[in-house]
Amino acid sequence: MNGYPKIADHGMIGDLQTAALVSGTGTIDWWCTPRFDSPSLFASLLDSERGGHCRLAADVDRIAGATVRQLYLPDTAILVTRFMAPGGVGEVADFMEPNPSTTPSDQHRLVRVARVVRGSLPFTLVCRPRFDYGRAPHNLTLLDDGSALFHGPRTDLHLQTTGPLALRPDGEDVVADFTLQAGETAAVVLTTDSSGYHPMAAPTADEVRASIEACRDFWHDWLRTSRYRGRWKDMVNRSAITLKLLTYAPTGAPIAAATMGLPEQIGGERNWDYRYTWIRDASLSVRALIDLGFVEEAQAFRTWLRERLDAGSTSGEPLQIMYRIDGDPYLTEEVLDHLEGYQKSGPVRAGNAAADQLQLDIYGEAADALAQAQEIGGIRGWRSFAGVLDWLADTWDRPDEGIWETRGGRQEFTYSRLMTWVAFDRGIRMATTYSRPADLARWTSVRDAVFNQIVDRGWNPQRQAFVQNYATDVLDASLLLMPRVGFISPRDPLWLSTLDAMDEELVSDSLVYRYDPAASPDGLRGSEGTFNLCSFLYVEALARAGRLHQARYAFDKMLTYANHVGLFAEEIGPSGEQLGNFPQAFTHLALIAAAIALDEQLDRAETSGP
């Protein structure tokens, strides 16, 4: 395998404990197992030679006039790659049967089913696993011509096949070439296991068929609970499925993205590991699912969040900004210098040193997530939450690193103060609504002090806008959340003036930059693309401000940047390319929020008339 596919040239499959990316060429070039944050088994996305991959595809590279298309089976996480050539039409369906159990599993099964629907096509199978981010060797045992065992450190990979193909060794890897006629199928089943157990019998065609039907039924049943009936149902459903795929079922913890190390700028150093649970991202993801009517995910996350509050953090703060999916607070960052990085964009980092940063906004996002429930964990849960607000009342007025995790020094960020206001506002509401004991006088006093500070110091008279921090006149797109959280009316003159300033400085043809790093140095070299989260927050803000024509046009243009199966990475580059880790929860939760807000405002406009 040579070269790198585009970041956007992928679909994602998963079983709610791990996830894999499959490129448009039928190559699995990213899979970490047995958890999202485990070392990789396939990582050719970060090093095309040393990372490892598994390709199952019609051998159409040498066939003139052949085309390849990829799609999801509607409203599922079953990914279908279609190969169309003059001699035949075939496809490969990739899926993992969901495991919603709250018990972590060491065993995970990825199924690949090849079939020809017209004529005949030659197929190629190449399986080259590279354990532990490509650092550890493995041993191959060819059990028979349809089954192979790759023995690696702490994890084994068992490959089994059905249909007319015979495996042959290629060093410590395996390959196969075979031809299918119309109506014929072949299956390749990849099973990883850390327990030493290896399934002996290859699955039958009937068992494979039953598995794919079970996967389809799971997603259809899950989506049936959604209450979204708006104008963008396909995109909203795809985003909801993506958020679900990025949630670790055993603990209910959502991760920020399925990948690590994908660059925000080709050749740049902004290459982070996003396979962890940020309090902020997870809280906003859960809010998006709640707005769609999915309540079980919200309850699971609240339980996880309460456990983090009870456990404390390594820094002495009540919470740290991110954790591993099991709640482990240690995310030591290391550089994998044996991997060259996507298109030579190094360094490749595993772990995330930003876990030690101070970001005070997380208490607002956490409070907002907890406030969506009538009960936040009984008496103990309330006392734990109230204790955090009592602590925050003494400690809120500090500089921090802010939402964007800048590494250029702490500042008094307006967004951090905004979410501090949210924390007290939601706490006061819950205490009042549910008659919970609280120091309401003190909380109210602090809430009002934060409000006045934001208005007095976060508002810049020269810019006629709320700005990034109190020491600058730089704008920041995170403040697009101001109307949504209830700090300011979406049609308040101060807000409309801020929106106008952002439109002039941060918006480029509906695409929105987070901020201008040249004007507000963030401690890192290089530049970045526009931030998809902010672009969708911009749509929502426009809609709530009554600028419906502008909002709808911006939303429709944003949808054109989705990849061929409706997925988004973190950013959009200068030529419309997707950049950063993929797919990113931030983007998809903001798409859902923008669609809901736009639907509401359009419905209201249609009801009220011109």
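A crossing of two helices is called left-handed if the near helix is turned anticlockwise from the far one by less than a right angle, and right-handed if it is turned clockwise. Helices (DSSP runs of H or I, at least four residues) and strands (runs of E, at least two residues) are numbered from the N terminus.

This is a predicted model, in which local features need pLDDT of at least 70 and side-chain atom pairs count only at pLDDT 80 or more, while totals for chains, interfaces and linings use all residues. Residues are numbered from 1 along each chain as its sequence is written, and side-chain values use heavy atoms, with hydrogens and water left out.

## Helix α11 and its two partners

The crossing of α10 and α11 is left-handed. Helix α10, residues 493–505, packs against α11 at an angle of about 140°, with the axes 11 Å apart; axes are lines fitted to C-alpha atoms, for helices over the stretch in contact, and angles run from 0 to 180 degrees between N-to-C directions. That angle makes α10 oblique to α11, since angles under 35 degrees count as roughly parallel, over 145 as roughly antiparallel, 65 to 115 as roughly perpendicular and the rest as oblique. In the contact (heavy atoms within 4.5 Å), Trp495, Leu499 and Asp503 of α10 meet Tyr538, Ala541 and Leu542 of α11. These residues divide into five nonpolar, no polar and one charged, where Ala, Val, Leu, Ile, Met, Phe, Trp, Tyr, Cys and Pro count as nonpolar, Asp, Glu, Lys and Arg as charged, and the others, Gly among them, as polar.

Helix α11, residues 532–544, also packs with helix α12, residues 548–559, at an angle of about 155° and with the axes 8 Å apart. The two helices α11 and α12 are therefore roughly antiparallel to each other, and α11 passes α12 in a left-handed crossing. On the α11 side the contact is made by Asn532, Ser535, Phe536, Tyr538, Val539, Leu542 and Ala543, and on the α12 side by Leu548, Gln550, Ala551, Ala554, Phe555, Met558 and Leu559. By class, the contact of α11 with α12 has 11 nonpolar, three polar and no charged residues.

## The pair α6 and α7

Tyr363, Ala367 and Leu370 of α6 make the contact with Phe385, Val388, Trp391 and Leu392 of α7, and the residues involved divide into seven nonpolar, no polar and no charged.

## The largest pocket

The largest pocket has a volume of about 500 Å³. On a 1 Å grid over the protein atoms alone, a pocket is an open set of points where a 1.4 Å probe fits, with protein on both sides within 12 Å along at least five of seven lines, and lining residues have an atom within 4 Å of a point. Of the 21 residues that line this pocket, Ala93, Val113, Arg115, Thr185 and Ile212 are the closest to its centre.

Strands β6 (67–72), β8 (88–95), β9 (108–128) and β15 (185–193), together with helix α2 (205–223), each supply at least two residues of the lining. The largest share, six residues, comes from α2, and by class the lining has 13 nonpolar, three polar and five charged residues.

## Backbone features in loops

Most residues other than glycine have a negative phi, and most peptide bonds are trans. The peptide bond from Gly346 to Pro347, however, is cis, with omega near 5°, and Pro347 is found in the loop between β20 (334–335) and β21 (349–350). A cis peptide bond also joins Phe582 and Pro583, with omega about -20°, and Pro583 is placed in the loop between β28 (578–579) and α13 (585–608).

Positive phi values are found at Asp509, near 55°, and at Ser510, near 80°. Asp509 is in the loop between β24 (507–508) and β25 (511–512), and Ser510 is likewise in the loop between β24 and β25.

Methods: Points joined across faces, edges and corners; volume = space filled by probe spheres on them.
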